[in-house]
Amino acid sequence: MPRTDSGFIVAIPARYASTRLPGKPLLPIAGEPMVLHVARRALAAGAREVVVATDDARIEAALAGSGVRVVMTRADHASGSDRLAEVAQQLAWADDAIVVNLQGDEPLAPASGIAAVARALREEDAPMATLATPLLTVEELFDPNVVKLVRRNDGRALYFSRAPLPWPRDAFAHARDALPAAVPFLRHIGIYGYRAGFLRAFTRLAPTPLERAESLEQLRALEHGHAIAVRIAPEPFPAGVDTATDLARVERVFAEGAR
């Protein structure tokens, strides 16, 4: 049965170490740490609580006085969801609480998209939710860094893959230089919602063969038989910050008046 609770929590995993951009959560954008901009996006979405989960005291110090709650976690977590599961345990969130996992390098995440993930869990009984957006170019379809997905008729995920998905057999037998019409190509957006009880349980599930093959953690949920609700993002969801080029792009957006 669909859930009816209205509040939700946004939890932001923020790891200081980064191969490409060391100290990434603290890199300044418009004079303030990136992670603070991310937290503001979460507040703008209507979150009743915003928590930054980190293993580094420098991030905790940078957020002092901001009004954002910081929870210190272990340093040995393999993923952001593992880090958030520790936070869920530390803060004793109710099993039914809605937790949105927003990455700490998403300073342009639209509030409407954050809220849409939470709304999917309120309206459905799936334990997990995420977003997708139409995939528009053949280059994206064949790019292994772009995660594709297919959905059931009820909007729940069938599969996620780095490979071209779905494969329009007849159209691609003729040519592969453009996307054929009337095929539901979707690009996955890496934001997740969980019930807190499921978040704790998910990180205890054994890693699965397809998860390991694709390096996609969400496949663990599907392989263990858990449903993932997928909503179409209500507006464009700009890419996060992985490189110095990405950082410069975001700086330009803020210089042009992003809020």
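Is Asp125 buried, exposed or partly exposed? At 40% relative accessibility, Asp125 counts as partly exposed, where buried means under 20% relative accessible area, exposed over 50% and partly exposed in between (1.4 Å probe, protein chains only). The structure is a predicted model, in which local features need pLDDT of at least 70 and side-chain atom pairs count only at pLDDT 80 or more, while totals for chains, interfaces and linings use all residues. Residues are numbered from 1 along each chain as its sequence is written, and side-chain values use heavy atoms, with hydrogens and water left out.

Side chains of opposite charge can pair when their charged atoms come close. With a salt bridge defined as a side-chain nitrogen of Lys or Arg within 4 Å of a carboxyl oxygen of Asp or Glu, a search of the whole structure finds 19 salt bridges. In one of them, Asp125 meets Arg156 at 2.6 Å, N to O. This pair links distant parts of the chain, 31 residues apart: Asp125 lies in the loop between α4 (111-123) and β7 (128-134), and Arg156 in the loop between β8 and β9 (157-161). Helices (H or I, at least four residues) and strands (E, at least two) are DSSP runs, numbered from the N terminus. Arg156 is buried, with a relative accessible area of 15%.

Another salt bridge joins Arg195 to Asp96, with the closest N and O atoms 3.3 Å apart. Here the partners are 99 residues apart, Arg195 in strand β10 (residues 186-195) and Asp96 in the loop between α3 (80-90) and β6 (98-101). Arg195 is buried at a relative accessible area of 4%, whereas Asp96 is partly exposed at 35%.

Within the helix, Arg249 forms a salt bridge with Asp246, the closest N and O atoms being 3.7 Å apart; the two lie three residues apart, about one turn of the helix. Arg249 is partly exposed at 23%, while Asp246 is buried at 16%. Just after α10, Gly257 takes a positive phi of about 110°.

Aromatic rings complete the picture. Rings of Phe, Tyr and Trp (its six-membered ring) pair if their centres lie within 6.5 Å, and planes under 30 degrees apart count as stacked, over 60 as edge-to-face and the rest as tilted. By this rule the count comes to six aromatic pairs. Phe142 and Phe172 form a tilted pair, 5.8 Å centre to centre with 40° between the planes. Tyr192, Tyr194, Phe198 and Phe202 form one aromatic cluster.
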